[in-house]
Amino acid sequence: MANEINFVNDVTNTIYKTQFPQAIIKFAEFDLSFFMGQAIEFGEKASESGKYPLKESYIIRDLLKKAHPYIAANLSGKYDKIVVDCIIENICRTQEITESSLWNKHISPKTEFDKMIFTRLSEYKCNRAANEWLDIVRLQEYTRNKLNFIFQGTKNIDDAHIKKNYFDLTFSVIARERGCSDKDLGKISSYNKSLLPNSVFMISRMSKEIYKSINTELEDAKLLKTPKFPVDRLHDQISMDIYSYMRRLSPPIDTELGWIRSMFGEIEDTIYKPAGFKPLLDLEFDKILSNNILLKSCARCERYYESSINYDGEFCDIIGADGKTCREHSSDNEEPIPKELDKRCEEIHSLVKRNIGKQIDEHEFKEWEQYLNSMKTNIEKNYATPDELEKFLEYTQRMYSQITDQE
Ligand SMILES: [Zn+2]
């Protein structure tokens, strides 16, 4: 399919797909705070009880599935312990302690929870793992910044190309100055399906057939002696040693091609093996530009959308919470929040404010006020509807009348 990138990971024999530009836009917009809230709550309960119910932690982990196909593909591998990572980050941030002192604190773990924290911190300590939660948060910021850097106010695809190259080269300059090489940063390798590291297992039935046909050639062959740490210069030599066994291979005849094709299944053009999330994100940016997709940020909801030659306005055509797009809203001149409703917001706001110190404390009020404000912004951006605001106001009133009734 067009606008799709195929990729694999180290762990499974599956080919995953990510679509551009949708996956990048979605990742930039994805609300990570819901996962964070759940993980922290889970961590607090686990710390109290000492137990660490794995099944429950996996349900929380899986909330990140929709953030990006790369995260979904690596949930049970690289991101398996992301809930612990989030708990550790939260403890260090709120208690203002370093990972090192947290490690010291848990050095003789007594409970299941302590053990979980200690094991994970030990993995960081000996460089076997990183705090994946922190990395995802930082990668999201990276993606947002790169999107804005390349596309904000950019009028044509050529300008976008220049900005992207400027961004990437700046990264390379810093990497070089800080003494990091390719090996530290992880690259993205591309393969055809048959030359993938796991191809023999991915196309296993066909591989078995091929093995049968070359069996005699390989009968007395010993394992090739490969160096423990192969350097790039030796690759051709090793490859040609392998090739020497298939020199006499003849192509299948026409009548065989039908079943061979069916054994191969879908043959994807290029399959990538990213050593990290960043290389894949960078590739998605490259593909967006090389496919001449120019993204624009909507003047109303600030989301990115694909610009097209048929429309030169500044509003997106993404369907919002009320079933209408910003483009449709821009022509109907309606206020996003009706005047009546806005007035009720004011009234209830001052009512609740008057009750600080009585039915509500300062902290609770601040939280309530923040929720109200973000709901209003969300309606302006069409992430939420006036209906939902109305329900929230009703709920607030009900809550306070209940308290008054009890008195
Ligand atoms: Zn919009």
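Two strands pair if DSSP finds at least two bridges between them. Helices (H or I, at least four residues) and strands (E, at least two) are DSSP runs, numbered from the N terminus.

I am working on a predicted model, where local features need pLDDT of at least 70, side-chain atom pairs count only at pLDDT 80 or more, and totals for chains, interfaces and linings use all residues. I number residues from 1 along each chain as its sequence is written.

**Entry 1: the sheet**

I looked up strand S1 (residues 4-7) and strand S4 (residues 271-274). Two bridges join them, and they run parallel. In S4, Ile-271 stands opposite Asn-6.

Next I took S1 with strand S2 (residues 16-19). This pair is antiparallel, over four bridges. Asn-6 has Lys-17 of S2 as its bridge partner. Ile-5 stands opposite Thr-18 in S2.

Then I traced the strand order. The open sheet has four strands, ordered S2-S1-S4-S3, with mixed pairing. Which strands stand at the edges? S2 and strand S3 (188-191) do; each has a single partner strand, so one side of each is left without a neighbour in the sheet. From one strand to the next the twist averages 40°.

I also checked what packs on the sheet. Helix H15 (residues 277-290) does, touching S1, S2, S3 and S4. The direction of H15 makes about 155° with that of S1. Such angles run from 0 to 180 degrees between N-to-C directions, and axes are lines fitted to C-alpha atoms, for helices over the stretch in contact.

**Entry 2: faces of S1**

For burial I count C-beta atoms, placed from the backbone: a residue is buried if 20 or more others lie within 10 Å of its own, exposed if 12 or fewer, and partly exposed in between. Side chains alternate along S1. Ile-5 and Phe-7 point to one face and are buried.

Leu-121 lies in helix H7 (residues 112-125). Is Leu-121 buried or exposed? Leu-121 is buried, because 22 other C-beta atoms lie within 10 Å. I left aside neighbours within four places in sequence and listed its contacts: Ile-88, Glu-99, Leu-102, Trp-103 and His-106. Contact here means C-beta atoms, placed from the backbone, within 7 Å.

Ile-260 lies in helix H14. Ile-260 is exposed, because it has 12 other C-beta atoms within 10 Å. H14 (residues 257-264) is hardly covered: among its eight residues, the count of buried ones is zero. Gly-265 follows H14, with a positive phi near 70°.

**Entry 3: H17 against H18**

Helix H17 (residues 339-354) and helix H18 (residues 362-380) pack at about 170°, axes 11 Å apart. H17 and H18 are therefore roughly antiparallel. My cut-offs are under 35 degrees for roughly parallel, over 145 for roughly antiparallel, 65 to 115 for roughly perpendicular, and oblique for the rest. H17 contributes Cys-345, His-349, Val-352 and Lys-353 to the contact. H18 contributes Phe-365, Trp-368 and Leu-372. By class, I read five nonpolar, one polar and one charged residues. Nonpolar covers Ala, Val, Leu, Ile, Met, Phe, Trp, Tyr, Cys and Pro; charged covers Asp, Glu, Lys and Arg; the others, Gly among them, are polar.

Terms used. Contact = placed C-beta atoms within 7 Å.
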